[in-house]
Each structure stands twice: as C-alpha cells, then as structure tokens.
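Subject: The structure, and some notes on it

Dear colleague,

I am handing over the structure below, followed by notes on what was found in it. Please read them with the structure open beside you.

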Amino acid sequence: MKHPSSREFFAYWDGKRGSARAPDRSDIEPNAVRGLLGDIFVLSCDLDAGYPFRVAGTRVCALFGRDLKDESFAALFTRESRREIEDIATVVAEEMLPSIAGLTATATDGTRTHLELLLLPFNARAHAPISMTGLLAPFESNPGMLGALELVSHRYLHQPEKIIPRAIRKLAIARGFMVYEGLR
C-alpha cells in the first residue's frame, strides 16, 4: 500500500478482525476513522447491479461530482476495466480477501490522476445483506472531477493463517454430510 490513508484504514480493519477472516460490519466505529470518512465507502455485494454504493464519503462523491448512493461501483470504470473490477470485488466478497489496486483517471482539465483503491470484506452474517467496505484516495491533493477509472494494477492481501478456501468453507456448512468425488 502506498497511500497513507489506505495503510491507516487497513490497520484499523485488521485490528478489528482479530483472528477472524474479517470484522463484522458493526465492529467498525466511524468515530475511530473520522479523518478517513470522506474517502471511505460501503458497497452492496450484488454483482448483477454492479456492486452499488450503500454509502460513499464526501471526497469520493466529489471526485465524480455527484452523490454515488445506489449507483453502480463497476460503472465508474472504463469498459476495459469493468469486468476485472467486478471479478476483484467478487473475490473480496466470496473469498474474504482484501485487495489493493492502482487506478488512473483523466480529470476534466485533461490531467491524469493516480488513485489507490482498497477493498475490504465484512464478515457475512445470517439474514443480513453481504457488503464490503473500501477506500478510494487520490495521490494528488486536488484532482478535480474525474472521468472513468482505469485499473492499472491490483493484488490480494493474503494472510494464509486466516484464509480458508471457499470449497472448504462450503464443506463446513454441510456439517456431517460429506461427498467424496472419485471413490467407488
């Protein structure tokens, strides 16, 4: 992570999760990250709707010149980057793997702006909608209003001692019923 806001929010999120794969959404205290709230957002995990914003900070909204509530997160990206960002968000939600990405966008004055995107999962709870949080921070101090985002790089933040592959998690849900493929 290059941006100090990303490092600070990840450290807070990591401390809140303890030994779990992700913290519960109710564990995140807005007052504890007050200085970052303008860059923080929450997304609904709905691929068909393009991961719509549930909440978006004021600086995130200002980057695009409008309130982003209920708008598609994936629609903020160029056509070439849209499928890849949807795949990344799906992995964050389903595999509960944090992700960090480098982005660029062209401002209305024609200058290129570099940004850092941090996506962090929330622990899934029964009878509650699945969501994730994130932070979008530009490296330039006053980038102006931005056009479509372009994905430049990304990586998942693996922590093997806390990772359980999706296949094993699904088997744990079965509780007592086990199917072994390939045996006679």
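Just after helix α1, Gly-18 takes a positive phi of about 60°; helices (H or I, at least four residues) and strands (E, at least two) are DSSP runs, numbered from the N terminus. This is a predicted model, in which local features need pLDDT of at least 70 and side-chain atom pairs count only at pLDDT 80 or more, whereas totals for chains, interfaces and linings use all residues. Residues are numbered from 1 along each chain as its sequence is written, and side-chain values use heavy atoms, with hydrogens and water left out.

Helix α1 itself covers residues 4-17 and reaches 20 Å from its first C-alpha to its last, close to the 20 Å expected at 1.5 Å a residue (1.5 Å times one less than its number of residues). Its buried residues include Phe-9, Tyr-12 and Trp-13, where buried means under 20% relative accessible area with a 1.4 Å probe, protein chains only. Seen down the axis of α1, the buried residues fall within an arc of 160°, taken from the directions from the axis to the C-beta atoms, so they line one face of the helix.

Definitions and conventions: Buried < 20%, exposed > 50% of the residue type's maximum accessible area, 1.4 Å probe, protein only.
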